[in-house]
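Student: Can we go through the aromatic pairs in this one?
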Amino acid sequence: MRLTKLMLSLSTLFIMVASAYSQSPAEGQRSSPLAIANLRYKDTYVKITYSQPRKHGREIFGKLVPYGKVWRMGANEATEITATKNITLNGFLLKAGTYTIFTIPEKDKWTIIINSELGLWGSYNHNPKLDILRFDVPLQIIASETYESFTISLDPHAETADLLLKWDNAKVSIPIKFLN
């Protein structure tokens, strides 16, 4: 009788655990799905991995994403950039490697932060002592267009590219130069 009760208890426990795992959202079911922007120029490859939150009628900048505070530049895990060769971002040298990108949005500009710490969730544990680059770029307000999803893209131009950050009616452009 005890063996039967033990087997029944173990079976029930197994079913409960299996049920819990089967109900976990899969990567494709995230409300802010994973996205990648990438570009190859000669033997240099640049890849940006981020999650795409949606606007869903919300006021984004100044509300959902507060002004003057470090933002992970997307949702979920902090956004990461990988460059296989040295490049410049807005004229500043970024050595080959993988880094976390944060921003500090303001009404007229964004501060771009490149940080050496990886594997962060959000910007909650951003350590400014590990920042390797910080620079400001102007914010462009685009009255004629609204971006429902936060979008990062790389727009190539010969030996350069523009790293574009777009969400709601806001757009930021960061020039990239590929170094030989």
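Predicted model: local features only at pLDDT ≥ 70, side-chain atom pairs only at ≥ 80, totals over all residues.

Tutor: Residues are numbered from 1 along each chain as its sequence is written, and side-chain values use heavy atoms, leaving out hydrogens and water.

Student: How many aromatic pairs does the count come to?

Tutor: Ten. Rings of Phe, Tyr and Trp (its six-membered ring) pair if their centres lie within 6.5 Å; planes under 30 degrees apart are stacked, over 60 edge-to-face, the rest tilted.

Student: What kind of pair are Tyr50 and Phe150?

Tutor: Edge-to-face, because the planes are at 85°, with the ring centres 5.8 Å apart. Tyr50 lies in strand β2 (residues 44-51) and Phe150 in strand β9 (residues 147-157), so the pair ties together parts 100 residues apart in sequence. Strands here are DSSP runs (E, at least two residues), numbered from the N terminus.

Student: Is Phe150 buried or exposed?

Tutor: Buried, at 0% relative accessibility. Buried means under 20% relative accessible area, exposed over 50%, partly exposed in between (1.4 Å probe, protein chains only). Tyr50 is buried too, at 4%.

Student: And what about Trp71 and Phe150?

Tutor: Their ring centres are 5.1 Å apart and the planes at 70°, so that pair is edge-to-face. Trp71 lies in the loop between β2 and β3 (79-83), and is buried at 8%.

Student: Which residues form the cluster?

Tutor: Tyr50, Phe61, Trp71, Trp110, Phe150 and Trp167 form one aromatic cluster.

Note on methods. Helix = DSSP H or I, 4+ residues; strand = E, 2+ residues; numbered from the N terminus.
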